[in-house]
Amino acid sequence: MHRCGGWASGRSVLARLCASLAAMVGAAASTARGDFSYANFASTSGLTLVGSAGPDQNVLRINPSAQFQSGAAWHQAKQSVADGFVSSFTFRVSALTGGGADGFAFVIQNSSVTSLGGNGCRNGYDGIANSIAVEFDTWLSSSCEAGNVNDPSDNHVSIHTRGTAANSAAEQYSIGASSAIPNLSDGGVHLAVIHYENGVLSVFIDNVTSPVVSVAIDLSATLSLDAGRAWVGFTGATGGSTEHHDVLAWSFDEGSGSSGPPYRPDPPVITEPVSDGKVLSAADVHMETGPFHDQDGDGHRCTDWEIWTVSPSARVWHATCQTDEALKVHIHLGDGVFEGSHAGQTSLKNSTSYSLRVRFRDASNDPATEYSHWSYRSFSTGGVSQLFGMQLQDVLFPPGVDWTGPSGEPVILPGGASPPSLTIGSGTGLTALRIAGADGSSNAVSDFAALGAHVLVRAVVAGGSTGVMLAASELSFVNEDCVRETIYLPAVTVPANLSRYYWVSTNGSTYVGAANQTTPVFDQLARGSAVPWGTFDPDLEIDRFATGFQLPVSIAMAGGAPIPGRPYLYVAELYGSIRTVMADGTWSTYASGLLNFNPTGQFPGSGEMGLASICREPVTGDLFATLIYANNGDTGQLYPRVVRLTSTDGGMTASQITSVLSMPGENMSASHQISSISIGPDGKLYVHVGDGFNTGTALNLNSFRGKILRMELSGAACSDNPLYNAGNGISATDYVFSYGHRNPFGGAWRLSDGRHFVVENGPSVDRFLAAARGTSYGWNGSDASMATGAIYLWNPAHAPVTLAVIQPQVFGASGFPALWHDSLIITESGPTWAQGPQANGKRLVRMRVNAAGALTEGPTTLVEYNGSGRGSAVAIAAGPDGLYFSDLYKDVDYSSPIDPGSSIFRVRHRPAADCNANGTDDRCDINLGTSVDEDGDGVPDECECVADFDGSGFIDTDDFDAFVVAFEAGAAGADVNGSGFVDTDDYDAFVVAYEAGC
């Protein structure tokens with residue numbers, strides 16, 4: 001399809017071509033200049049239809065697939081053609097019989113508005129006087145009614161004219177032809193552009209970068225025109241072989257542009273999607289243009305955005321006359337309105353072809369020139385998110401199964417001659433486990449022999465002769481690999497003699513199935529898993545630590561091991577609250593109402609702004625936060641700010657909020673706002689600020705936007721900053737640490753080498769870099785500029801958001817072994833509010849960068865979303881016992897993207913061990929029931945000799961000294977009694993064990 005990016009000026013030939021793909025998908029209309037456009041042909045008003053031509057289900061059918069037809073369609077108003085024009089149309093040739101024939105043509109003629117030529121090889125234009133025809137020929141003719149035609153091939157474009165004489169389909173009257181073209185009769189939708197300018201007539205098919213044929217011709221000298229004007233339209237014909245010749249949409253632009261003022265605005269340069277044909281998430285289409293330009297100097301009043309389906313050609317989403325400064329050049333689906341076949345939806349449809357079109361409107365109030373021509377970008381959406389089924393070969397006995405209800409009580413099925421049952425097996429009838437009612441107080445459990453191979457798991461609840469009603473329940477068992485699996489069954493009522501079928505995904509979620517299905521179908525969620533995240537590393541475990549948050553975007557640890565009654569971590573929510581979270585996952589409010597405006601907007605879209613990041617100052621325990629504020633309450637003036645929050649009750653609540661630095665005049669917009677805040681090894685504040693969707697700010701040293709700033713905790717510019725110069729007054733320049741950034745969401749410090757690592761979102765590619773003092777990272781609006789200084793580029797984009805470093809200096813590397821030390825863990829959020837797993841995001845990945853700053857590993861996927869909801873990894877922090885990350889959205893049972901109900905998950909390193917030397921993983925011993933683990937620490941109780949604290953195999957004073965160090969530091973390892981807290985009970989327990997010799 002057409003490719004309209006990258007022209008230097010709106011007055012260039014390519015720009016004017018792209019601009020004049022005008023309104024192939026716009027409503028039929030006319031302007032003072034005579035331009036017209038048809039989005040489709042539900043109405044053929046303004047056309048004269050001749051012969052077999054007529055509308056058919058919203059398309060213009062020049063002739064049907066019937067023998068010996070000819071038809072024509074002419075626009076009733078003559079168009080100005082002598083001084084240049086662009087005619088754009090989409091067409092389809094289909095329903096072929098006998099190989100398909102003969103073809104159709106775009107014709108300019110000044111003979112009659114009812115003109116029609118012959119059928120067959122004459123393509124409906126042969127015989128029309130005073131005409132020029134661009135034929136799209138689909139049949140190889142040597143001789144026919146038109147004489148010795150001598151076609152070059154059975155698939156060619158040819159331009160024919162005999163001046164004012166009757167035109168002919170014979171190739172001797174062709175002034176230019178080509179067979180190096182797409183297959184015209186493949187049944188697909190093709191784009192054609194006929195462009196005439198400066199005495200050159202060019203024909204483009206499916207792109208506008210290279211014409212398939214160009215000829216020099218003076219239309220005024222060749223044809224007898226009516227003051228430079230003529231009728232324009234289409235002809236077509238069939239012979240003994242047939243095909244439909246359909247035009248789906250058509251626009252005509254008189255002149256490629258006016259020769260003098262007043263001028264239209266230059267057409268938008270679409271920068272995102274970055275090129276035609278991109279496959280995008282149905283839930284998250286980022287639409288962006290370059291800046292507005294008008295040769296008259298008129299201001300930018302607003303922008304019209306539209307998305308159309310390609311087949312049928314119909315508008316399904318629009319955002320008309322967007323006046324917000326950000327939405328004029330960048331918009332999301334949430335900022336517009338779905339309509340037509342997409343009415344009521346919140347995303348596009350999967351596996352569907354679409355066209356984006358955009359136009360600018362200036363402030364001139366001149367109806368003839370205030371609108372630019374439309375610019376177009378084609379794209380398609382990806383398929384339904386892929387889920388994978390749980391695989392099972394055997395259920396191990398012991399330990400057998402646990403089937404429990406909502407409060408942990410056993411599920412007991414009714415008895416009877418033919419009792420209700422639950423069967424775990426395959427869709428082809430293989431059975432691994434069956435639980436049936438027995439005497440009304442217990443179940444009969446049947447353990448079947450191991451299956452010959454792994455099967456994809458299906459659960460069947462049968463009503464038996466009585467029927468059964470069950471609350472939501474969980475079936476837990478150990479599989480053949482000693483891994484404990486849990487299946488999350490929904491509440492269900494099954495009438496007598498009927499069954500309900502559920503497919504099971506890898507994380508235990510269940511999906512509605514049917515009796516006749518033999519392979520999994522993951523279309524309709526029945527009940528989701530407690531943890532919709534999985535890992536490919538057997539040494540990692542994931543649990544849900546806390547829940548109930550609204551858009552959690554940042555996590556800051558409170559400083560040490562869990563202590564009863566003291567904060568464990570803080571969570572910042574996008575819409576202006578900070579929560580204090582305790583070690584048991586309960587939480588309260590630290591501060592709320594931090595925004596002085598209502599941030600709620602469309603999401604994805606304009607609602608993606610507010611409170612972005614927090615960090616904790618280790619000496620005072622104060623929190624620093626970055627956010628957006630409305631200047632004097634004016635939501636049209638949203639600027640970045642850094643604030644400090646102080647507590648007088650041990651960090652439970654904020655007692656005072658102080659502005660550290662405000663940046664008036666630095667307009668912010670959705671997502672490209674102020675973001676990461678951290679305290680560097682030098683004790684200074686480092687603050688990331690996005691470009692606010694104004695590309696020019698990133699390299700402008702007089703703007704805070706598009707920068708990483710460095711300042712004192714007081715908010716003052718550091719006097720040793722690379723561009724600091726107090727002699728000319730303190731300005732944005734004095735704060736600059738690095739510049740040339742687009743949207744530097746996340747940052748983290750590696751203490752071993754003092755590097756500040758950054759993840760940054762680009763238009764179509766994202767980058768990972770180490771920000772260096774005084775360095776420009778080159779962002780100038782192009783994807784190419786994102787490569788500047790990059791350690792790694794995500795292409796296509798995965799939306800990396802935040803990162804954490806696993807390092808011994810912070811919580812002893814969070815319980816991870818030496819192999820992990822100094823590695824960086826990055827959250828990839830993927831498409832905004834997208835459903836299910838995503839190829840481009842929704843995961844945690846590991847990067848390793850050596851001391852020289854070179855990438856040595858990554859991105860390696862550690863944790864990946866495997867649910868069917870909306871969860872998406874965003875915030876991340878390294879804690880005393882693992883990594884903590886947020887999933888941003890409420891995962892299931894949501895009504896909107898901003899519903900409370902998001903969670904914080906914990907990832908811990910729990911490697912395999914065999915402490916009792918029986919040749920079996922300790923966790924397998926516990927799962928099988930051959931070992932007891934009453935304290936739940938994953939180590940069989942018979943193996944735990946807590947007095948051997950340093951693991952040397954001996955109990956000596958080194959163990960006592962090591963315990964005291966860990967206890968005073970509040971390290972998780974000092975939690976001897978497994979209570980989740982480090983307190984005097986642990987000290988006492990260790991002393992007892994030490995004195996007892998174990």
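At 8% relative accessibility, C615 counts as buried, where buried means under 20% relative accessible area, exposed over 50% and partly exposed in between, for a 1.4 Å probe and protein chains only. C615 is in no disulfide, and the nearest cysteine sulfur, that of C718, is 14 Å away. A disulfide here is a pair of cysteine sulfur atoms within 2.5 Å. C718 is in no disulfide either. C718 is buried too, with a relative accessible area of 0%.

A word on the model. It is predicted: local features need pLDDT of at least 70, side-chain atom pairs count only at pLDDT 80 or more, and totals for chains, interfaces and linings use all residues. Residues are numbered from 1 along each chain as its sequence is written, and side-chain values use heavy atoms, with hydrogens and water left out.

Which cysteines do form a disulfide? The whole structure holds two disulfides. One joins C121 and C144, with sulfur atoms 1.7 Å apart. This link is right-handed, with 75 degrees about the S-S bond. C121 lies in the loop between β9 (103-109) and β10 (131-137), and C144 lies in strand β11 (residues 143-144), so the pair ties together parts 23 residues apart in sequence. Strands (E, at least two residues) and helices (H or I, at least four) are DSSP runs, numbered from the N terminus. C121 is buried at 6% relative accessibility, whereas C144 is partly exposed at 23%.

The other disulfide joins C302 and C321, with sulfur atoms 2.1 Å apart. Its torsion about the S-S bond is about -90 degrees, so this disulfide is left-handed. C302 sits in strand β23 and C321 in strand β24 (residues 314-322), so parts 19 residues apart in sequence are tied together. C302 is buried, with a relative accessible area of 0%. C321 is partly exposed, at 25%.

Next come the rings. Rings of Phe, Tyr and Trp (its six-membered ring) pair if their centres lie within 6.5 Å; planes under 30 degrees apart count as stacked, over 60 as edge-to-face and the rest as tilted. The count comes to 43 aromatic pairs. In one of them, the centres of F292 and F360 are 5.5 Å apart and the planes stand at 65 degrees, so the pair is edge-to-face. F292 is in the loop between β22 (287-289) and β23 (300-309), and F360 is in strand β27 (residues 353-362), 68 residues apart. F292 is buried at 18% relative accessibility. F360 is buried at 1%.

Now take F963 and Y987. Their ring centres are 6.0 Å apart and their planes at 50 degrees, so this pair is tilted. F963 lies in helix α5 (residues 957-969) and Y987 in helix α6 (residues 984-996), so the pair ties together parts 24 residues apart in sequence. F963 is buried at 0% relative accessible area, while Y987 is partly exposed at 31%.

A charge can also sit over a ring (NZ of Lys or CZ of Arg within 6 Å of the ring centre and within 35 degrees of the ring normal). R162 does this over Y173, 4.8 Å from the ring centre. R359 lies over the face of Y371, at 3.9 Å.

Five strands form an open sheet in the order β53-β54-β55-β56-β60, with mixed pairing. Strands β53 (674-679) and β60 (775-776) stand at the edges with a single partner each, so one side of each lacks a neighbour in the sheet. Two strands pair if DSSP finds at least two bridges between them. Three bridges join β55 (residues 707-711) to β56 (residues 736-739), and these strands run antiparallel. Here I708 stands opposite S738.
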